Amino acid sequence: MRHQLSRYPSDSVLARGFGCPTPESIDPDLSLAGGLPASEALPAEVLKEAFESTMQNVDRAFWLQYSDSRGVSRLRRILAQRLEREVGSLVVTNGALHGLSLTLQALVNPDDTGFVESPCYPYSARAIEISGAEMIPIPIADSETDLNYIERLLASGVRPKFFYCVPIIQNPSGRTQEISYRRALSSLARKYGFVVIADMAYAELGGTKMSQDTGFSPDVTVELWTFSKTLGPGLRTGVIAGPEAIVERVAAIRSSQDQHTGVLTQHVVATVLEDKAGYESIVCNSRAVHRSRLDVALEALASVHHQDVSISPPEGGLFVWLRVNADKCDVGELQARARSLGTDFVVGTSFDPLARGAYGDCLRIGVANGSQHGLQQGLRRLRQALADFDLAEAP
Ligand SMILES: Cc1ncc(COP(=O)(O)O)c(C=O)c1O
């Protein structure tokens with residue numbers, strides 16, 4: 001029997017993600033395509049102890065049974081303190097991407113439009129596509145240019161329902177928007193009636209604490225926080241902080257979906273967060289690990305021919321975004337060469353939210369996917385590939 005499936009997977013845009021997967025012949029340790037946080041930065045021992053103590057100290061009924069869609073109150077109380085928000089403005093999620101999908105379900109109706117930073121993390125673009133909202137890309141430049149662009153669109157009568165952005169260490173560009181930009185964006189959101197969906201996935205790696213003023217106004221912003229980059233993506237735990245009306249809608253929608261994030265994991269994250277200094281040192285260590293990996297990459301890339309390759313050094317995080325002279329090199333061919341040398345990266349077109357081939361002259365390299373040795377080997381091979389197109393000195 002031939003099943004009539006939904007429209008999603010057959011749509012070429014939705015099917016895309018990160019493009020053609022890395023061939024199995026490439027040692028994943030040497031690949032620069034992935035976006036995992038560095039394994040050595042993740043606090044495995046702390047988590048092991050937290051799991052053990054949760055199972056010993058928390059009543060079984062509280063970690064084995066169904067629970068509240070908004071998250072267990074113990075974790076929400078700690079998060080409310082950290083974020084300096086009311087408990088009622090929070091929902092614990094399975095990470096930032098889940099938070100985005102839920103927020104879109106709470107907001108988007110057919111025919112709605114949304115502003116989306118461009119380039120954009122492909123899975124977020126896909127989530128927005130699935131929500132049915134029409135995406136209007138906001139090209140990323142600097143805070144002032146971006147703001148002018150947005151103001152012009154709004155002044156011309158465009159009325160988005162939301163603006164999805166990654167204000168701190170944007171993926172893939174690495175750009176961090178100034179606080180003044182975020183304040184101005186909040187004012188525009190209030191004036192024109194849209195919601196800023198601020199994906200804070202890399203905020204802590206960028207040195208922004210949960211308790212810090214992010215510059216966004218809570219009445220017009222849904223912030224998506226996650227523990228994926230600090231404690232580990234496998235935990236699948238994050239939190240939405242937003243206006244209560246939106247958060248209530250999210251919780252209601254969620255009760256007919258996955259119901260709630262795993263209760264044991266929520267208690268474990270609460271246990272880790274209760275040790276405030278301990279959590280701060282985890283974040284601090286993670287920042288340092290990723291910073292040193294970025295430095296290794298930027299040093300290896302110092303050999304590029306700068307007239308043909310532009311690199312905007314990120315403030316932190318996991319990625320470096322490069323633009324190459326398209327007259328000298330086709331990035332698809334560069335990828336084929338890199339793959340033949342045993343490494344890989346993501347071709348820029350994957351980050352075009354409209355999937356129309358923009359950023360074909362760009363590439364993103366991830367610095368934390370494998371071991372430190374693997375990173376060095378991968379970078380050496382990438383450098384060789386760049387040199388083969390006369391874009392860098394050979395290693
Ligand atoms: C911008 C951005 N948002 C969200 C995510 C996914 O985060 P989570 O694991 O919390 O769903 C990523 C992961 O790479 C990301 O880069």
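**Figure 1. Where domain 1 and domain 2 meet.** In this predicted model, 21 residues of domain 1 are in contact with 22 residues of domain 2. Two elements each give two or more residues to the side of domain 1 that touches domain 2: helix 10 (276–300) and strand 9 (319–324). Helix 10 supplies the largest share of that side, five residues. By class, the side of domain 1 that touches domain 2 has ten nonpolar, seven polar and four charged residues. The domain assignment of the protein chain gives domain 1 as 28–36 + 280–388. Domain 2 is given as 45–275. Their C-alpha centres lie 26 Å apart.

**Figure 2. The shell around the ligand.** The ligand is surrounded by 15 residues. Gly95, Ala96, Leu97, Thr226 and Ser228 are the closest. Helix 4 (residues 96–107) gives the largest share of this shell, three residues. Sorted by class, the shell holds six nonpolar, eight polar and one charged residues.

**Figure 3. Helix 4 against helix 8.** The axes of helix 4 and helix 8 (residues 244–254) come within 9 Å. They cross at roughly 105°, which means helix 4 is roughly perpendicular to helix 8. On the helix 4 side, the contact is made by Leu102, Thr103, Gln105, Ala106 and Leu107. Helix 8 brings Ile246, Arg249, Val250, Ile253 and Arg254. By class, this contact has six nonpolar, two polar and two charged residues.

Figure 4. Strands of a sheet pair through backbone hydrogen bonds, either parallel or antiparallel. Strand 4 (residues 162–165) and strand 5 (residues 195–199) run parallel and are joined by four bridges. Within this pair, Cys165 has Ala198 of strand 5 as its bridge partner.

**Figure 5. Helix 6 beside helix 7.** The axes of helix 6 (residues 143–155) and helix 7 (residues 179–192) come within 10 Å. The crossing angle is roughly 10°, which means helix 6 is roughly parallel to helix 7. Helix 6 contributes Ser143, Asp146, Leu147, Ile150, Glu151 and Leu154 to the contact. Those residues meet Ser180, Tyr181, Ala184, Leu188 and Tyr192 in helix 7. By class, the contact has seven nonpolar, two polar and two charged residues.

**Figure 6. Backbone details in two loops.** The peptide bond from Ser118 to Pro119 is cis, with omega near 5°. Pro119 sits in the loop between strand 2 and helix 5. Another cis peptide bond joins Asn171 and Pro172, with omega about 20°. Pro172 belongs to the loop between strand 4 and helix 7. Ile169 lies in the loop between strand 4 and helix 7. Phi of Ile169 is near 50°, a positive value in a residue other than glycine.

Figure 7. Four strands form an open sheet in the order 8-9-11-10. The pairing is antiparallel. Strand 8 (309–311) and strand 10 (346–347) stand at the edges. Each of these has a single partner strand, so one side of each is left without a neighbour in the sheet. Five bridges join strand 9 to strand 11 (residues 362–366). Strand 9 and strand 11 run antiparallel. The bridge partner of Leu322 in strand 11 is Leu363.

Technical notes: Residues numbered from 1 in each chain as written. Predicted model: local features only at pLDDT ≥ 70, side-chain atom pairs only at ≥ 80, totals over all residues. Near = placed C-beta within 6 Å. Nonpolar A, V, L, I, M, F, W, Y, C, P; charged D, E, K, R; others polar. Axes fitted to C-alpha atoms, helices over the stretch in contact; angles between N-to-C directions. Parallel < 35°, antiparallel > 145°, perpendicular 65-115°, else oblique. Contact = placed C-beta atoms within 7 Å. Pairing = 2+ DSSP bridges. Domains from an automatic or database assignment.
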